[in-house]
2 protein chains.
Amino acid sequence: MHVVLRQKLQAHSALDADDAAALNRLPYHDRHLANGEDAICQGERPDSAILVLEGMVARYQTLADGRRQFISFHITGELPDAQALFLTEMDHSICALGPAVIAMIPHEALLTLFMRRPGVGLAIWRETLIDAAIFRSTIVNNSARAPLARAAHFFCEQYYRARSRFSRRGEVGTCSLPLSQAQLGDTLGMSIVTVNRTVQQLRRTGTMDWNDGVLQVKNWAKLAVLGEFDPAYLHARAPRRL
Amino acid sequence: MHVVLRQKLQAHSALDADDAAALNRLPYHDRHLANGEDAICQGERPDSAILVLEGMVARYQTLADGRRQFISFHITGELPDAQALFLTEMDHSICALGPAVIAMIPHEALLTLFMRRPGVGLAIWRETLIDAAIFRSTIVNNSARAPLARAAHFFCEQYYRARSRFSRRGEVGTCSLPLSQAQLGDTLGMSIVTVNRTVQQLRRTGTMDWNDGVLQVKNWAKLAVLGEFDPAYLHARAPRRL
DNA sequence: CGGAAATTTGACAACCTTCAAGAGGAGTGG
DNA sequence: CCACTCCTCTTGAAGGTTGTCAAATTTCCG
């Protein structure tokens, strides 16, 4: 757990030895989630933060008629409910896509850590700010792009983020993306039928494939053009110290 | 300037006397913006944060074909680019809707303030988290709701936020909303024609009117139902201290 | 092996966007 | 003062895209 969190924070923030040591003393306990299981629901007031250790979790809101809208997806090292540290009531739910393992870290322990090591607090603040930057991009994507570009942009983002822990971000390769087409529809705001036809259309471009929860990128440059994808908004590297 | 910021932060965070005093010593300078003028553009690396003093400003992204997608709107007391404190490069632009006055507060002064008065830093952190909560809601609204509900929800949010500085949030009344229909289209992801017809449809419900940049709510309860509006996501009150 | 879920395909209707044009106002310059 | 332009709002019509309905096929899982 500790190494996962430390690596994530160090991807964009400088932590000194004392910060790292303090991180290593954070208490937590693991929790295993089945496919589709909720880690936390809208309206609840959690007293622990979630750190994804394995698998993928998603944030979603439930609409008045029961439909779901997915908001974001999170992989190993991410803190999908960091905002709950300061916003007591959850305005959305978090569920597992496929089996997942998460660590539950008591809010209290994090808050005292922030007092003792402000650098850690700032790193997590930055984490939440990157989260918000991704939300902004999602607003633009779902509101303004036609289905093909919208789906392409989504695939680009997931692929780029999944591989950013390694050095080779773009280029050919695969990553895990364990969604159904129906869930992708609830992500991009399109009907299942349109999702299906759009994905087929994307496949025909020869830039990517997506099967059995695995996204395969065959021509990154072309896919990025189709999706108008510019990774600047992911703020992958912006170290700054107080 | 100082009183505007202090009131905003105290709306959701407890500040002690020393925090307030430190806020009052923040340096800044005013800047007047003409209608449509950009306060800051995508790609820039600001060294000051923006605080809205008068009027309204909007965040937006520019798409590959030059179209605009508005992301959020900000009124007196809000910090529309607080994230730039820790994410150096702007991933969006900020412009004025109608004439506006903003205060520019040097990042350096804010960062040293956070070191001396962590409570102020936390208050602004919470501010950015509420920002993100609004983004989540916008994703849901623009992705999943039909035009009428989408527009109704948008009007509800703007009205509720504009009036939250006073005690009477819901109920009958007016607030400033100086957008054109075309700009509302670039906000909700609808064409001008659809915006026009949707607004007319909303007017016919008798719940609201919107003319000359003024939003008038005539039947708050019914409008909130039309827009499926639940203000919980605005986290208007959630005081918590370290 | 059987049943449920996911993917795929077709057809059609509804909706939205685009194109086009006119009305009303605000601001500018002759 | 009026003509002119520009912008916004409004309305109509046509065409295209997307959602809905329905059903077949494949895959997954017990």
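How many Å separate the centres of domain 1 of chain A and domain 2 of chain A? Hi everyone, let's start there. Taken over C-alpha atoms, those two centres are 24 Å apart. Please keep in mind that this is a predicted model.

So where are these domains? In chain A, residues 2–138 make up domain 1, and residues 146–234 make up domain 2. Where they touch, domain 1 of chain A contributes 13 residues and domain 2 of chain A contributes 11 residues. On the domain 1 side, the elements giving two or more residues are β4 (68–74), β5 (93–106) and α4 (118–144) of chain A. The most comes from α4(A), with five residues. Sorted by class, that side of domain 1 of chain A has eight nonpolar, three polar and two charged residues.

Now over to chain B. Here you can find an open sheet of three strands, in the order β6-β8-β7, with antiparallel pairing. The edge strands are β6 (173–176) and β7 (208–211) of chain B, and each pairs on one side only. On average, neighbouring strands of this sheet are turned by 15 degrees against each other, direction ignored. Look at β7(B) and β8(B), residues 214–217: four bridges join them. Within that pair, B:Met208 stands opposite B:Val217. Helix α5 of chain B, residues 147–163, lies across β6, β7 and β8 of chain B, at about 90 degrees to β6(B).

Last, how do the chains relate? The same surface serves both copies, as 100% of the contact residues of chain B recur in chain A.

Key. Residues are numbered from 1 along each chain as its sequence is written. Chains are lettered from A and ligands numbered from 1 in the order in which they are written. This is a predicted model: local features need pLDDT of at least 70, side-chain atom pairs count only at pLDDT 80 or more; totals for chains, interfaces and linings use all residues. Two strands pair if DSSP finds at least two bridges between them. Axes are lines fitted to C-alpha atoms, for helices over the stretch in contact, and angles run from 0 to 180 degrees between N-to-C directions. Two residues are in contact if their C-beta atoms, placed from the backbone, lie within 7 Å. Domain bounds come from an automatic or database domain assignment. Ala, Val, Leu, Ile, Met, Phe, Trp, Tyr, Cys and Pro count as nonpolar, Asp, Glu, Lys and Arg as charged, and the others, Gly among them, as polar.
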